[in-house]
Amino acid sequence: MASLISVVVPTFNRKVLTDRAVESVTPSDPDKFEILVVDDQGDPPYGFSGDRNSSGVEVRVLRTRSNGGPGLARKLGVQEASSDVIAFLDSDDVFDSNWPDSLLAEVVRSSAAEREQLFIVGDAVNGSRINRKFAQLLPLLPHGLQMTGARLSAILCNPFYAQATAVSKRLCVFADDLRYCEDYLTNVMALFSAGKFVALRQTACIMNRSPGTSGGLSARQREMLAGEFRVRIMTLRSGSIPVFYRMLVPLGMLYQGIRAMLKNVVGLGR
């Protein structure tokens with residue numbers, strides 16, 4: 001039986017944490033899921049002990065041809081996925097125990113056409129205050145306004161963590177030369193191509209550390225800001241995004257600059 005949701009986990013030299021992430025995928029119906037761990041040229045290569053995790057979910061391990069960062073690792077995982085819907089999980093984070101079943105319920109109640117244009121988002125424990133506010137407020141909007149609210153928030157800031165989202169495979173876009181803030185590009189492009197947006201009032205994942213702290217790419221603030229700026233430029237130039245939203249991109253750039261200044265001065269936004 002084909003799986004309905006593929007969980008893509010990029011990793012680099014995180015054997016113990018990656019094993020923990022894989023084991024956190026605990027659906028009630030494991031045959032509806034698969035896990036693809038993508039080793040970004042770690043040394044030694046990552047290996048999982050068995051072809052299924054302890055919950056019975058199939059585990060496949062892939063390896064990139066060169067170390068290109070999490071974006072290219074996710075791209076390979078998406079390309080090799082057998083499901084129509086992709087759930088992302090970082091190797092140092094874990095899913096909330098209820099998240100896989102909640103995702104599956106949304107996918108099952110979606111039509112075949114909707115499964116090809118779906119964007120689902122939840123909350124991320126240990127995320128920044130700003131990101132968590134967006135995740136908590138969006139489900140409170142009238143259903144017809146949630147998509148507009150998500151798109152506006154994505155233009156103005158970077159509101160969604162990859163590990164708290166699930167996106168239709170056909171909507172996943174990656175830039176081969178974008179190493180930092182690569183998930184922002186994927187989220188923005190998917191949101192503006194999605195036909196169905198679902199904001200769930202529940203926890204999707206527990207992040208191992210807060211953004212900007214040591215231990216991951218987000219700790220490299222200058223590179224992350226430069227990556228976010230590049231995504232905004234791509235957004236501004238994208239013909240697939242309506243002109244009204246592109247006109248708001250400069251406001252997002254202004255917000256980005258003010259936020260960076262406040263982070264450095266008073267730590268706001270962490």
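We're looking at a predicted model, so local features need pLDDT of at least 70, side-chain atom pairs count only at pLDDT 80 or more, and totals for chains, interfaces and linings use all residues. Residues are numbered from 1 along each chain as its sequence is written, and side-chain values use heavy atoms, with hydrogens and water left out. Helices (DSSP H or I runs of at least four residues) and strands (E runs of at least two) are numbered from the N terminus.

- E1 and E2 run parallel and are joined by seven bridges, with Pro 10 having Val 38 in E2 as its bridge partner.
- That residue, Val 38, also stands opposite Leu 62 in E3; E2 (residues 33-39) and E3 pair in the parallel sense over six bridges.
- Further along, E4 and E7 run antiparallel and share three bridges, and here Ala 87 stands opposite Ala 166 in E7.
- E7 also pairs with E6 in the antiparallel sense, again over three bridges, with Val 121 opposite Thr 165.

- How many of the seven residues of E1 are buried? Seven of seven are, buried meaning under 20% relative accessible area, exposed over 50% and partly exposed in between (1.4 Å probe, protein chains only).
- Both faces of E1 are covered, with Ile 5, Val 7, Val 9 and Thr 11 on one side and Ser 6, Val 8 and Pro 10 on the other.
- In E7, Thr 165 and Val 167 point one way, Ala 166 and Ser 168 point the other way, and all are buried.
- As background, side chains in a regular strand alternate between the two faces of the sheet.

**Helices across the sheet**

- Pro 70, Gly 71, Ala 73, Arg 74, Gly 77 and Val 78 are buried in H2. Seen down the axis of H2, the buried residues fall within an arc of 160°, so they line one face of the helix; the arc is that of the directions from the helix axis to the C-beta atoms.
- The cover over those buried H2 residues includes E1, E2, E3, E4 and H6, with contact meaning heavy atoms within 4.5 Å.

**The cores**

- The largest nonpolar core has 42 residues, and Phe 88, Phe 119, Phe 160 and Phe 197 touch the most other members. Such a core is a set of buried Ala, Val, Leu, Ile, Met, Phe, Trp, Tyr and Cys residues joined through side-chain atoms within 4.5 Å.
- Its largest share, six residues, comes from H6.
- A second, separate core has 32 residues, including Val 7, Val 37, Phe 48 and Trp 99.
- Leaving out residues up to four places away in sequence, Phe 160 touches residues including Phe 119, Val 121, Ser 153, Thr 165 and Phe 197.

**Ser 153**

- Ser 153 lies in H5 and counts as buried because its relative accessible area is 3%.
- A polar atom of the Ser 153 side chain lies 2.8 Å from the backbone oxygen of Ala 150.
- Beyond four places in sequence, Ser 153 touches Phe 134, Pro 159 and Phe 160.

- The peptide bond from Asp 43 to Pro 44 is cis, with omega near 5°, and Pro 44 lies in the loop between E2 and E3.
- Gln 41 is in the loop between E2 and E3 and has phi near 60°, a positive value in a non-glycine residue.
- Is Gln 41 buried or partly exposed? Gln 41 counts as partly exposed because its relative accessibility is 28%.
- Cys 181, in the loop between E7 (165-168) and H6, also isn't a glycine but has a positive phi of about 60°; Cys 181 is buried, at 4% relative accessible area.

Technical notes: Two strands pair if DSSP finds at least two bridges between them. A polar contact is a pair of N or O atoms within 3.5 Å; within protein, one must be able to donate a hydrogen and the other to accept it, and residues adjacent in sequence count only if both atoms are side-chain atoms.
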